[in-house]
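The sequence and the structure come first.

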Amino acid sequence: RPARRPPSTSEETRSPTIATRAASPRRSRAISKRGRSGLPPVSALAPPPGASPVHQDAEPAAAGLPGQRMKLLLYGINFAPEMTGIGKYTGEMAQWLAAQGHEVRVITAPPYYPAWAVWPGYSARRYRSERWHGVEVTRTPLWVPQRPSGLRRLLHLASFAVASLPALLRQWFWQPDVVWVVAPAFACTPGALALARLSGAR
């Protein structure tokens with residue numbers, strides 16, 4: 001079988017896959033302006049002289065927080081010194097916010113979790129105020145079931161929502177900037193919304 005003749009130079013020039021054409025002046029000017037990758041050159045993206053550099057990876061600052069001392073009210077049934085669950089998380093957050101210079105108040109219950117028994121030195125029947133790492137803490141009464149069940153848990157949460165309502169509404173005189181509800185959200189949200197609307201808080 002005869003060998004296949006390689007294409008001639010004239011055929012290579014006519015082939016659409018390897019043929020080369022001189023770029024038109026209009027296309028050359030477009031390439032020089034936008035770059036070979038199709039993007040504007042780096043010089044076109046540079047800030048004007050005297051402008052401060054912008055860091056694209058910097059996160060936007062929270063509105064109202066930098067350089068401004070705020071009144072922050074945290075409202076939830078669990079708080080320090082509980083070392084598990086929501087109590088530990090809320091306590092560390094309140095301590096950090098107070099360390100940043102904000103005025104932080106907490107309305108909570110006496111520590112009882114995870115043993116479902118009020119800790120020694122605290123009472124489930126009395127209101128109590130204390131200072132903890134620069135945070136003003138108000139502890140309110142509540143009912144703690146020894147054997148929690150579905151219904152008893154609901155009554156437990158409702159007891160805190162009702163008993164904490166006077167302490168919550170009293171914060172209207174303080175005029176907080178932010179009212180932050182932790183748990184129980186369903187039972188505590190109505191009172192928190194009422195306070196936020198009365199005081200203009202968020």
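This is a predicted model: local features need pLDDT of at least 70, side-chain atom pairs count only at pLDDT 80 or more; totals for chains, interfaces and linings use all residues.

Which residue of S4 does Val106 stand opposite? The residue facing Val106 is Val137.

## Overall architecture

The chain contains six helices and five strands. Read from the N terminus, the elements follow the order α-α-α-β-α-β-β-β-α-β-α.

Of the 202 residues in the chain, 30% are buried. Among contacts between residues at least 6 apart in sequence, 66% join residues at least 24 apart.

## The sheet

The five strands form an open sheet in the order S3-S4-S2-S1-S5, and the pairing is mixed. Its edge strands are S3 and S5 (178–181), each of which pairs on one side only. From one strand to the next, the twist averages 20°. Helix H6 (residues 185–199) packs on the sheet, where it touches S1 and S5. The direction of H6 makes about 175° with that of S5.

Strand S2 pairs with S1 and with S4. S1 and S2 are parallel and are joined by five bridges, and S2 and S4 are also parallel, with four bridges between them. Val106 in S2 has Leu74 opposite it, and Val106 also stands opposite Val137 in S4. As for burial, S1 is largely enclosed by the rest of the structure, because four of its five residues are buried.

## Helix H4

Helix H4 covers residues 85–99, which is 15 residues. From its first C-alpha to its last it reaches 22 Å, close to the 21 Å expected at 1.5 Å a residue. The buried residues of H4 are Gly87, Thr90, Gly91, Ala94, Leu97 and Ala98. They lie on the same side of H4, because they cover an arc of only 135° around the axis.

What do the buried residues of H4 pack against? Their partners are the strands S1 (71–75), S2 (103–108), S3 (128–132) and S4 (135–139). The face turned away from the buried side carries the exposed residues Gly85, Trp96 and Ala99. After H4 comes Gly101, whose phi is positive, near 100°.

Apart from its neighbours within four places in sequence, Thr90 is in contact with Leu74, Asn78, Phe79 and Val182. One of these, Leu74, stands opposite Val106 in S2.

## Salt bridges

How many salt bridges does a search of the whole structure find? The search finds five. Side chains of opposite charge can pair when their charged atoms come close.

Lys88 and Glu92 are four residues apart, about one turn of the helix. Lys88 is partly exposed, with a relative accessible area of 32%, and Glu92 is partly exposed as well, at 44%.

The cut-off for buried is under 20% relative accessible area. The side chains of Arg139 and Glu130 meet in a salt bridge at 3.2 Å, N to O.

Another salt bridge joins the side chains of Glu136 and Arg131, at 3.9 Å, N to O. Glu136 is partly exposed, with a relative accessible area of 30%, whereas Arg131 counts as exposed at 61% relative accessibility. Salt bridges that share partners link Arg105, Arg131 and Glu136 into one network.

Terms used. Residues are numbered from 1 along each chain as its sequence is written. Side-chain values use heavy atoms; hydrogens and water are left out. Helices (H or I, at least four residues) and strands (E, at least two) are DSSP runs, numbered from the N terminus. The expected span of a helix is 1.5 Å times one less than its number of residues. Buried means under 20% relative accessible area, exposed over 50%, partly exposed in between (1.4 Å probe, protein chains only). The arc is that of the directions from the helix axis to the C-beta atoms. Contact means heavy atoms within 4.5 Å. Two strands pair if DSSP finds at least two bridges between them. Axes are lines fitted to C-alpha atoms, for helices over the stretch in contact, and angles run from 0 to 180 degrees between N-to-C directions. A salt bridge is a side-chain nitrogen of Lys or Arg within 4 Å of a carboxyl oxygen of Asp or Glu.
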